[in-house]
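Here are my notes for you, point by point. Keep the viewer open while you read.

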Amino acid sequence: MDKLIKPVQFWLCATIMILGLISCDRFTGNSGEPVERVSDGDTLVVKDNRGKNFTVRFACVDAPEIAHTNKEKQSKRTSDRNQFTWGVKAQQRVQQLVQQGGDRVTLNITDSDRYGRKVAEVRLQNGTFVQQILLQEGLAKVYRPYLNKCPSKDLVQQAEAEAKQQRLGIWSDTKFVNPWEYRTLSKK
């Protein structure tokens, strides 16, 4: 009987340890929120731990717009084409970053906006700050009206200043219109 108890205890302990490791996010690399889709260059849809989707707007930045309607997609206006071209580049870069991060992000939620979206600083599992990358590559601009709600405001301002000085992305485009100005003009 004693000879039977020791192997059973061993396998029971081993099973408990294995199950513990499997469920531990740190060992499986599944920390953070799973990304369902990248809506545009500054918005994601993620799934919470209850399986419910919610929309996350990037804190600190404003990325160029993408075309949403058929009318916008077919527009021949130079300002539309310019905005949407940069918007698609920003969206594609966010998609690339999210994929590199295992389709998961860590959120530091700072606010909610008038549309009910969570406003958050977004990081990949390895700590990469998504907003900083977009700014460094000239694919977004610092959104100053809400900068006081941005815990990493010094970091984002520095990233934008470097891209501007190096004339990267939108900073190289003399016809680029700030996303917030474009939205105002397109409503008229």
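1. Which strands and which helix each supply at least two residues of the lining of the largest pocket? They are strand 3 (53–58), strand 4 (61–62), strand 5 (104–112) and helix 7 (179–186). Helices (H or I, at least four residues) and strands (E, at least two) are DSSP runs, numbered from the N terminus.

2. A word on the ground rules. This is a predicted model, where local features need pLDDT of at least 70 and side-chain atom pairs count only at pLDDT 80 or more, while totals for chains, interfaces and linings use all residues. Residues are numbered from 1 along each chain as its sequence is written, and side-chain values use heavy atoms, with hydrogens and water left out.

3. Back to that largest pocket: it holds about 860 Å³ of space. On a 1 Å grid over the protein atoms alone, a pocket is an open set of points where a 1.4 Å probe fits, with protein on both sides within 12 Å along at least five of seven lines; lining residues have an atom within 4 Å of a point. Grid points are joined across faces, edges and corners, and the volume is the space filled by probe spheres set on the points.

4. Now look at who lines the largest pocket. Of its 34 lining residues, Arg57, Arg114, Tyr115, Arg117 and Arg183 are the closest to the centre. Helix 7 gives the largest share, five residues. By class, the lining has 15 nonpolar, six polar and 13 charged residues (Ala, Val, Leu, Ile, Met, Phe, Trp, Tyr, Cys and Pro count as nonpolar, Asp, Glu, Lys and Arg as charged, and the others, Gly among them, as polar).

5. The second largest pocket has about 180 Å³ of space. Helix 7 turns up here too, supplying at least two residues of the lining, and so does helix 3 (70–73). Tyr182 and Ser186 are among the lining residues.

6. Tyr182 also has a ring partner: with Phe84 it makes an edge-to-face aromatic pair, 6.0 Å centre to centre and 80° between the planes. (Rings of Phe, Tyr and Trp, its six-membered ring, pair if their centres lie within 6.5 Å; planes under 30 degrees apart count as stacked, over 60 as edge-to-face and the rest as tilted.) Phe84 is in helix 4 (residues 78–100) and Tyr182 in helix 7, so the pair ties together parts 98 residues apart in sequence.
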